[in-house]
Amino acid sequence: MPALAALRRALAGWRPDDRRGCLAAYGLLLIWCAPLLIPWDGRGSLISDWEYFLTFFEVFRSSVLDHGQFPALNPYNCLGSPLWANPQIGYVSHYGIAVLLFGALGGMKVGMVLSIFFAFEGARALGRRLFQAPTAAVIAGLLYALNPAIAAHLTRGQACFGSYFLAPLLFLFCLQLRERRWAGAWAGLCAGAMVLYGVHYFVLYTLALAGLLSVVVAIRGRAGWALARFGASFVLVLLAVSAARLLPILSLLAAHPRDVQIALQWPMALLFKALFV
C-alpha cells in the first residue's frame, strides 16, 4: 500500500547511523532527565503547576481504573470543571498511558522523560533531512531536546508542553510536500496529536510556522497542485484526529474568553525587565 511504503521510507531515516553519537546523546539525555525522576515522589515548588495537572490526571486515572468510566468533567474542582474540554489537560496521549501504569505523579514524570527522548529522535530525523551528516543530525536532536524553554515548562509540571516532540516531525513532512503524496496526511496526524496533548501558544505558533513553511516550499518548487493536495489532506486528517477534542475546547473558550495581555501593551520598563533582567 502507498501509505505503508511512505511510512517505511520515513522510518528509514531514523536508523542510528552514528551509533556512538546516539549512545552518547542518550546518556546525556538521561543525565538531563535525572532531576525529574529522582526523587520519584518529588516535584516542584508550591508556586509551580504540578498540583493543578496532578489533580486532573488523578481524576482521569481514578475514573478509568476505579470506576470504569472515561471522564469528561472534574467533579472535585470548583464544584465541577471541564476535563475533556480543558485545553491544557491531554490524557489521550502517552501521558495518559503512563498515568494509568505509574500513577498520576509517576506517570507525568515518565511522560515528560519520554517526550524529551521522542524530541531528540524527531529533531534528529529532521536534521538528517537538513544536514545529511549523521553527526550533525545528532547535534540537532540534542539542541532541540535540551530546549531550556520547554524544560522550564516541564519542570513546573506543565505536561501539555510535552507535545513539543511532534513539531520537528511536522516540519519534516512539510518539507516533503512535493516528494511524498501522503506528506499532508502525516503532517495532519502530527498536528492533530499536538491538539490532543493540549492547546497553548507553542502549538499555535508551530501550526502557523508549518503553514508558512509549506507555502514557501510550494512557491520555491512551483508546486501549487502539491500544496493544494497537501493542505486538503492535512486539514482532513487534523480534524479526523482532533475534532472530538478541539470542538469542545473552542466551545469552552468562546463561552469563557481569556484576557490576553500583549507584550506591546506593557510599559517599556517592564518589557525591558522581562527580556533582559
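Cysteine 33 is buried at 1% relative accessibility, where buried denotes under 20% relative accessible area, exposed over 50%, and partly exposed the range in between (1.4 Å probe, protein chains only). Cysteine 160 is likewise buried, with a relative accessible area of 2%. The count of disulfides is zero, a disulfide being a pair of cysteine sulfur atoms within 2.5 Å.

The model is predicted: local features need pLDDT of at least 70, side-chain atom pairs count only at pLDDT 80 or more, and totals for chains, interfaces and linings use all residues. Residues are numbered from 1 along each chain as its sequence is written, and side-chain values use heavy atoms, with hydrogens and water left out.

Helix H4 spans residues 94-131; helices are DSSP runs of H or I with at least four residues, numbered from the N terminus. The 38 residues of H4 would reach 56 Å in a straight helix, yet the end C-alpha atoms lie only 30 Å apart; the expected span is 1.5 Å times one less than the number of residues. A kink of about 130° in H4 is centred on glycine 103, the bend being the angle between axes fitted to the seven residues ending there and the seven starting there. Of the 38 residues in H4, 27 are buried. Just after H4, glutamine 132 adopts a positive phi of about 70°.

Tryptophan 40 lies in the loop between helix H2 (19-37) and helix H3 (50-67). With a relative accessible area of 43%, tryptophan 40 is partly exposed.

Technical notes. Helix = DSSP H or I, 4+ residues; strand = E, 2+ residues; numbered from the N terminus.
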